[in-house]
Amino acid sequence: MAVPRINLEFHPAPNPTRTGVLVLPGGSYEFLSMEKEGLAPAKWLNDRDIDVWILSYTCATTAPPPIYPAPQREALAAVQQIRESKKVDTLGIWGFSAGGHLAAVTATSEGVDLDFAILAYPVISMAKGTTHEGSRRNLIGDHAEAGGDVEEAMCAEKRVGRTTPPVFLFHTANDDAVPVQNSLGFAAAMAKHGRPFGIFILPNGPHGIGLALGDEKLSWTGELERWLKGFIKS
């Protein structure tokens, strides 16, 4: 299979620690929420001496839906390209919403060279009733068979196995766009397979809050930073 051409933007840390993160903004597989879920987390990570790559992956504004499997191939190619750059020893992936789905699918891909994953209010399942319908429509299409091969392949919780890297999940319990059952289902799969994970769920908050820096009620990056310390070399 040919390696796809990708749009990968490098944001170097001022004092690199040979730890890096591939960031995948959300946007329902329709667009990319670049400011809130791309550039903002890149700055947050750079401030902690972590190199960042932001992937502008295929979405419904750049290709006719359904767009599967283009984003999945591009994310895997991005991981490979970063590893080949030899800039980092430790590499994680961080996705938001639909980007969280892409991150989860990438992290659960056989043979992928990732050390950790961060999933922020992620779409995890493609099963109707749990998924985010817009993300499902753009990725695999309305006509994708319920329980069919494509849907099953894109249910990230069903892809977790003994080699899945450690994962940190964040969600709000009353997310009105992507049900919290997505994060809970992935956490349950990690537990079933004995894989390390952290999960932080706030009782209230809308979908798509980004980092919520400075918001006393919605701030969650303190928990993430504590979890990340296990992966950052001093």
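User: Start with Ser97. Is Ser97 buried or exposed?
Analyst: A note before the reply: this is a predicted model. Ser97 has a relative accessible area of 6%. The cut-off for burial is under 20%. Therefore Ser97 counts as buried.

User: Where does Ser97 lie, and what is its phi?
Analyst: Ser97 lies in the loop between E4 and H3. Its phi is positive, although Ser97 is a residue other than glycine. The value is near 55 degrees.

User: Which loop holds Arg18, and what is the phi of Arg18?
Analyst: Arg18 lies in the loop between E1 and E2. With a relative accessible area of 35%, Arg18 is partly exposed. Arg18 is not glycine, yet its phi is positive, near 65 degrees.

User: What is the strand order of the open sheet?
Analyst: The sheet has 7 strands, and the pairing is mixed. Its edge strands, each pairing on one side only, are E1 (8-11) and E7 (197-202). Neighbouring strands are turned by 15 degrees against each other on average, direction ignored. The order reads E1-E3-E2-E4-E5-E6-E7.

User: Which residue of E7 is the bridge partner of His171?
Analyst: E6 covers residues 167-172 and pairs with E7 in the parallel sense. The two strands share 6 bridges. The partner of His171 in E7 is Ile201.

User: What angle does the direction of H1 make with that of E3?
Analyst: H1 (residues 34-46) packs on the sheet. It touches E1, E2 (19-24), E3 (51-55) and E4 (90-96). The angle between the directions of H1 and E3 is about 165 degrees.

User: And what angle does H3 make with E4?
Analyst: H3 also packs on the sheet. Its contacts there are E2, E4 and E5 (116-120). The directions of H3 and E4 make about 145 degrees.

User: Which residues of H1 are buried, and what covers them?
Analyst: The buried residues of H1 are Glu37, Gly38, Pro41, Ala42, Trp44, Leu45 and Asn46. The cover includes E1, E2, E3, E4 and helix H7 (221-228).

User: How many residues of E2 are buried?
Analyst: Take the two directions in turn. Thr19, Val21 and Val23 point one way, and all are buried. Gly20, Leu22 and Leu24 point the other way and are buried as well. The count for E2 is 6 of 6.

User: At what angle do H2 and H3 pack?
Analyst: H2 spans residues 70-85 and H3 spans residues 98-107, with their axes 10 Å apart. H2 passes H3 in a right-handed crossing. The packing angle is about 65 degrees.

User: Which residues make that contact, and how many of them are nonpolar?
Analyst: H2 supplies Pro71, Gln72, Ala75, Leu76 and Val79. H3 supplies His101, Leu102, Val105 and Thr106. By class there are no charged residues and 3 polar ones; the nonpolar number is 6.

User: What is the relative accessible area of Pro122?
Analyst: Pro122 is in the loop between E5 and helix H4 (133-139). Beyond four places in sequence, it touches Ser97, Gly100, His101, Leu169, Phe170, His171, Val178, Asn182 and Ser183. Pro122 is buried, at 0%.

User: How many disulfides does the whole structure have?
Analyst: Cys59 is buried at 3% relative accessibility. Cys155 is buried at 1%. A search of the whole structure gives a disulfide count of 0.

Methods. Residues numbered from 1 in each chain as written. Predicted model: local features only at pLDDT ≥ 70, side-chain atom pairs only at ≥ 80, totals over all residues. Heavy atoms only, no water. Axes fitted to C-alpha atoms, helices over the stretch in contact; angles between N-to-C directions. Helix = DSSP H or I, 4+ residues; strand = E, 2+ residues; numbered from the N terminus. Left-handed = near helix turned anticlockwise from the far one by under 90°. Contact = heavy atoms within 4.5 Å. Nonpolar A, V, L, I, M, F, W, Y, C, P; charged D, E, K, R; others polar. Pairing = 2+ DSSP bridges. Disulfide = S-S within 2.5 Å. Buried < 20%, exposed > 50% of the residue type's maximum accessible area, 1.4 Å probe, protein only.
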